[in-house]
Amino acid sequence: MEKYLSQDNELPFFERVVMKLYFWLKELSLSEERGFGLDPSNVTIEKFPLIVSPVPNFNLKRMNVE
């Protein structure tokens, strides 16, 4: 399972920089399948979104146009 940073996060500038640095280092590092010595043809990678700081709820109003 591999995570990626979701667009649904509302992060301050410093935290965004830290998360980008984390994912950049993750790209440079040894992958898990290579680290465990697994055959790439037998590995299935499943990606899921990482939500660190969700956007706060906001009120929606329904507008009926007649």
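## A guided look at the chain

Visitor: Which pattern does the protein chain follow when read along the sequence?
Guide: This is a predicted model, in which local features need pLDDT of at least 70 and side-chain atom pairs count only at pLDDT 80 or more, while totals for chains, interfaces and linings use all residues. Residues are numbered from 1 along each chain as its sequence is written, and side-chain values use heavy atoms, with hydrogens and water left out. The chain has two helices and two strands, which are DSSP runs numbered from the N terminus (helices H or I of at least four residues, strands E of at least two). Read along the sequence, their pattern is β-α-α-β.

Visitor: What is the radius of gyration of the protein chain?
Guide: The C-alpha trace spans about 60 × 30 × 15 Å along its principal axes. The radius of gyration is taken over C-alpha atoms, and the globule rule is 2.2 Å times the number of residues to the power 0.38. For a compact globule of 66 residues the value would be near 11 Å, but the protein chain has 18 Å.

Visitor: Is Leu-25 buried, partly exposed or exposed?
Guide: Leu-25 lies in helix α1, which covers residues 13-28. Buried means under 20% relative accessible area and exposed over 50%, with partly exposed in between (1.4 Å probe, protein chains only). Because its relative accessibility is 46%, Leu-25 counts as partly exposed.
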